[in-house]
Structures are given as structure tokens and as C-alpha cells.
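Subject: Structure handover

Hello,

Please find the structure below, with notes on what was found in it.

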Amino acid sequence: TPPTPSPSARGRWRSREEEGRGRMPPLPAPSYSTVRQRGVKKPGRRRELKTKLSKRANTRQFLERFTKLGSLASSVILAATLMGFSIVYMLTQMVQSQGIGSLSMTVDCDGNSYLPRIEGCSPSQCFRSYVPQFINSSEISQLRMLADEGMAVGGGGSGPVSIFDTASGASSSGERFVMAYNILEETGGSLNQTLLHTFQAVVDRVREYLKESLGLAVLYPASPCFFSRIIAKENAAQLNDEYWHTHVDTRQYGSFIYTALIYLNTNGEEYNGGKFEFVSSSDQDQVQQQIQPKAGSLLLFTSGEENPHRIQKVTSGIRYAVTISWTCDERARNPRRFDDLRSDSQ
């Protein structure tokens, strides 16, 4: 009796029997190491490589774009920072050197506007300055009442503009002016003394502010020194009603060296339009700065060719302001005062 074959032997016999019958046993699946040795790529390997390369390319493109954007952003931020520093430096220099205004800037002076120069008065640096809340609400109300009183003597202008000049007493009367002080004297009337004293106190305060801020030794009130009331009307009755034209104060009034404007009501609340604009001396269509008047604010600027300006047309409501002018020429001073307690020696 032949011995019983072991399981491994049985497997070998079976394989031999199967080989004898022409059948091959199934080959075992090759391992990954075997595939690599044979040079056969693992299924899906090419796709994985393409995906990785694509991801690397996308990452590289993203980094390049991010770098470009970063460089552009850095350039913009740097430019804005330098511009900001320039503006801050300019305003700081103005405030430190001239001490004038809470929103101020310097401009190049026109050399011919301030001849002959007067030591201790003529501007060493030309400027524009806006000071909010220079006078209080009570003073605003009183100055508006004084403006209406002075204009009531003449009856007001026939067009959109009415004027009351406190220096000469000229008051708009239709298309001409009448002398309000003469009329009041002849009729035994007078303007309200309390209102006049308040006005004088405001004028004195403006002068002291200018002298202290600019380090001036002398400064004289000039003429005219007038209230203006502009009503929104389409048609101008005369040339003086066309207030919207660009002008220069030294050319229009002669003796002006410094111009001060105090606004007596607020743009956008009691009227629309009527904003103040500084324009380029070489191109009047180019607006350099635009001021939105607010009640109680003070606008100061040197009166020469470096500061051409205009007022926008008032489109609705009524605009009130007072112009207080200053000169360095004692011969052109306005001697009129509205109190008996202060002297005008400087």
C-alpha cells in the first residue's frame, strides 16, 4: 500500500495532473514590488502624476499672482502713505508756522499783490484757512438781525443779492444803493445798539485772531465790510447781482490784504447751492477747494491773485454771510466803530 501523500505533496501531484491535462493553475496576483521590478506602472499612476503636476502649476500661478497683487497693493499703500504724510506735513507746517485755523493750507503768494510791503503786516506766507464754530449761536442770531435791519433801510435789492455795508452805510435799494446812516439820522432812527456792539466784538475778535496767529504788529479794518443776503432767484437785475463770477479781492476792492468771511447759516439746511470755491488762477474751470458754509464758521485767506474764488449759485433758500476785510495801509483804514469803549489805534 503506497504511503499517503502530505497536503503539499498532494498539491504538487494535483498540479502535475493538471499540467498533464493541459491546464495551468491560476497565477498569483503580482505584488507592487514585483510590478516595479518588471517596469510596469501601477494602474492610475500617470493620472496621479498629472494631478500632482497640475496642482503644483496651479500653486505656482497662484503664488505669482499673489506676489504681483501684493506688489501692486504695497505700491498703492506706499503712495497713499506718502501723500498722507505730505498733506499732514503741509498742514502741520501751516499750523506751526502761522498758527492759523483748524483746517488750513499754504499757497504760493503772488508777489505783486502785496506791494509795497509793510513790515509787521504784509503776509510772509499766503494761505487759506477754515475755522468752524468761530462765533456762537447767539452771535449768529444777532448778526443776522443786524443784516436784516440794515437792508430794511434801503428795502433790499431788486435781484437775488442785497448788501448792507457797515463801513459806509450803503444799503441795497432796488438797483441802486442808499446811505442808511444818513436816512436814519434824518428820520431820527437808529440801528439796534446791542446788535452793533455784538458785531464790533466779533470784528475785534477776528482781528486779534489774525494778529496773534500770524504774528502781525499792526492790522487795520478796511472798507467795505458788509453783510450779504442772497436769495435763490433765476434772474440778475444788474451786474452786481451776478455774484457767481470768479474774482480776486485785491483787484476788486483795492485795499484788501486779508479777507475774512463769517457764515450766518448752514448750506444744506437753510439753503442749497452757494458753496464757496477756490479755483486755479490759470484755469477757472478747475476747482481747487470747495467750502461748505456752516453757521458760525470763519473762512480766512490772503486776498491776492493766489486766491481767485467764487460762490456757486444759490438754488433754493436764503444765504447769509458777512465779509470783514483787513488792510496794511493805514490811509485805507475804515475808522467806523460801533462802541465808545474801544479805540482803533492799531
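A disulfide is taken here as a pair of cysteine sulfur atoms within 2.5 Å. This is a predicted model, in which local features need pLDDT of at least 70 and side-chain atom pairs count only at pLDDT 80 or more, while totals for chains, interfaces and linings use all residues. Residues are numbered from 1 along each chain as its sequence is written, and side-chain values use heavy atoms, leaving out hydrogens and water.

Disulfides

Searching the whole structure gives two disulfides. One joins Cys109 to Cys126, with an S to S distance of 1.9 Å. The torsion about that S-S bond is about 115°, so the disulfide is right-handed. Cys109 sits in the loop between strand S1 (103-107) and strand S2 (126-131), and Cys126 in S2, 17 residues apart. Helices (H or I, at least four residues) and strands (E, at least two) are DSSP runs, numbered from the N terminus. Cys109 is partly exposed, at 35% relative accessible area, whereas Cys126 is buried, at 0%. Buried means under 20% relative accessible area, exposed over 50%, and partly exposed in between (1.4 Å probe, protein chains only).

The other link is between Cys121 and Cys328, whose sulfur atoms are 2.0 Å apart. Its S-S torsion of -85° makes the link left-handed. Cys121 lies in the loop between S1 and S2 and Cys328 in the segment after strand S15 (314-327), 207 residues apart. Both Cys121 and Cys328 are buried. With the bonded cysteines numbered in sequence order, the pairing is 1-3, 2-4.

Helix H4

H4 covers residues 137-154, and its 18 residues reach 27 Å from first to last C-alpha, close to the expected 26 Å. The expected span is 1.5 Å times one less than the number of residues. Its buried residues include Leu143, Leu146 and Met151. Just after H4, Gly155 has a positive phi of about 95°.

Strands

Strands count as paired if DSSP finds at least two bridges between them. Strand S5 (residues 170-174) has four of its five residues buried, so the rest of the structure largely encloses S5. S5 pairs in the parallel sense with strand S3 (residues 156-157) over two bridges, and Gly157 has Gly174 as its bridge partner. On S6 (residues 176-179), S5 runs antiparallel, joined by four bridges. S5 and S6 form a hairpin with one residue between them, and Ser172 stands opposite Phe177.

Regards
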